[in-house]
Every structure is written in structure tokens, then in C-alpha cells.
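This briefing is meant for someone meeting this structure for the first time. Please look over the sequence and the model before reading on.

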Amino acid sequence: MFYIIPTKNGLGVEFWGTPDDLRNIYSVIGNLWNKDDYLYKQGFESRDKVISGFSYELRKAFEKNRLKREYSHFSLEPIEYMGFKIYWVHALFTFSALRYNMKYFETNKFDLSIFLQIEFWLEKAMNQFDSKGAANLKPYISDSIYSANEYIYLFMRRINIEYLQMGGGKKAFRELPVLMKKAVFYNREYDEYSKQLKEDADLLGCKISELEINDEHMDYENLKW
């Protein structure tokens, strides 16, 4: 059984499972992105960037290059568990991007069962960390994020940096749903950030898709998860 728990300081979650659990998830996800025939379609390349980071951490986990435990958090039975950490924002955007891509690729009942379990555990992890903050964040598990956004990767990066700068804790977690409004189509926050990206691209004489988020000021190595 795989499961998801919040990190101690609330910057994100930990995905845990047996090596077989994680390989199964990796296989399911692998059928929903990185398809050359679809990269020309609007938004696919940007969603691939979102999904690729999650997929990379997942692979590193079952290759035993991330977190390790001799027991799960819910059982005293000795069994090898592997895991990895991922920020809340990245987890929510990845799940949303994958669900959107499911419209284009064939899936089966096993695939759907994996997604239902991920949805269950994400919601459980939210409530476990802070039920008050979770009440406003839960809609972003389902369909609040506009995953057809051609620049979804840039939106994810911007929101994630803003959240990490808050330093974690329940206070920051309760502000996360406000930050996530940037990801909701036709919201004022979405329109304002879209306008900013266009202005930045015009100033630099490039396409919006060619922009990079400046995070040189972020000390990722010493974040308190």
C-alpha cells in the first residue's frame, strides 16, 4: 500500500510505498506524458515539465535514492518502504496535469484506482496537517487548477516560490489557497500574472514559453520541510 503524509513544517508531502507500489505509479504516470505526437498541442509541453519533476523523484525513490524506512508509518510489520518529498504546489499541479492528460490517452480501471488513491491520500494529508487550511485547499485536488494553461509550468513555479518564502507552518498553509488563485482561469490573479508574463516576454523579446523563473535567492538546500 502506498500512502501520503504531510511534512513536519507543511511545505509539502512525503509519498511512501513499497518499491513495487512506486513502480506501479511510475508506470501509470508514464502513459500520460512525454508523448512526441502531442507536444505540438497547446499546453502539453508545459504540463510535461510539471509532470517530469514528479516522475523523476518517483523513479529515484524506487531506485532507493531518496527516503527509506524499514516499516510503514501504519504497521509494525517489517517491510521495505521507499519515499520522496514534494512541495504541496508541485503535487497539486502534477495531479491536475495528469488528470487533464487522461482525456487524451487510454486508461483502465487500475489506472483510475491509482488516481483515486492519490486523491484520497492528498486530502488525508491536508487534513492531517491542518483541517482549517485543508477546507479551502481541497478544491485544488479536483478541478480548480486550469490545466489547459499553455504556461502552467511557469504558474506552478511562481506560486511555489511565493509559498516557500512564507517559511511553512499552519499560517502559511492557510494562505496557500489564496496563492493558488493564480491557477484558476479568469480569476483576477490569473489574469494579472498572465499579463505580467506577456510584459516580461515583450521586454526581453522572447516567447512566454522561453521565460525562466528567477529563483537564485532561494536556499532550497536548507528549507525546513
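The points below go through the sheet, the helices beside it, and a few individual residues.

The model is a predicted one. Its four-stranded open sheet has the strand order β1-β2-β4-β3, with antiparallel pairing.

- The four strands are arranged in the order β1-β2-β4-β3 and form an open sheet. Strands β1 and β3 are the edge strands, and each has a single partner, so one side of each has no neighbour in the sheet.
- From one strand to the next, the twist averages 30 degrees.
- Strands of a sheet pair through backbone hydrogen bonds, in either a parallel or an antiparallel sense.

**Strand by strand**

- Strand β1 covers residues 3-6 and is covered on both faces. On one side Y3 and I5 are buried, and on the other I4 and P6 are buried.
- Strand β2 covers residues 12-17 and pairs with β1 in the antiparallel sense over four bridges. Within this pairing, I5 has E14 in β2 as its bridge partner.
- A hairpin is formed by β1 and β2, with five residues between them. G10, in the turn, has a positive phi of about 80 degrees.
- On the way to β4, six bridges join β2 and β4, again in the antiparallel sense. Here G12 has Y87 in β4 as its bridge partner.
- Strand β4 covers residues 81-87, and six of its seven residues are buried, so this strand is largely enclosed by the rest of the structure.
- Strand β3 covers residues 67-69 and pairs with β4 in the antiparallel sense over three bridges. K68 stands opposite M82 in β4.

- From α1, the residues N24, I25 and V28 take part in the contact, and they meet F110, D111, I114, F115 and I118 of α4. Of the residues in this contact, six are nonpolar, one is polar and one is charged.

- K60 is in helix α2, which spans residues 44-62. Leaving out residues up to four places away in sequence, K60 touches N65 and R66.
- K60 and M82 are 22 residues apart along the chain, and their C-alpha atoms are separated by 9.5 Å.
- K64 is in the loop between α2 and β3.
- The phi of K64 is positive, about 70 degrees, although K64 is not a glycine.
- Most residues other than glycine have a negative phi.

- Y186 is in the loop between α8 (169-179) and α9 (188-204). Its phi is also positive, near 70 degrees, in a residue other than glycine.
- The relative accessibility of Y186 is 64%, so Y186 counts as exposed.
- D130 is in the loop between α4 and α5 (131-137). The relative accessible area of D130 is 5%, so D130 is buried.
- Apart from its neighbours within four places in sequence, D130 is in contact with K170, F173 and R174.

Notes. Residues numbered from 1 in each chain as written. Predicted model: local features only at pLDDT ≥ 70, side-chain atom pairs only at ≥ 80, totals over all residues. Heavy atoms only, no water. Contact = heavy atoms within 4.5 Å. Helix = DSSP H or I, 4+ residues; strand = E, 2+ residues; numbered from the N terminus. Nonpolar A, V, L, I, M, F, W, Y, C, P; charged D, E, K, R; others polar. Buried < 20%, exposed > 50% of the residue type's maximum accessible area, 1.4 Å probe, protein only. Pairing = 2+ DSSP bridges. Axes fitted to C-alpha atoms, helices over the stretch in contact; angles between N-to-C directions.
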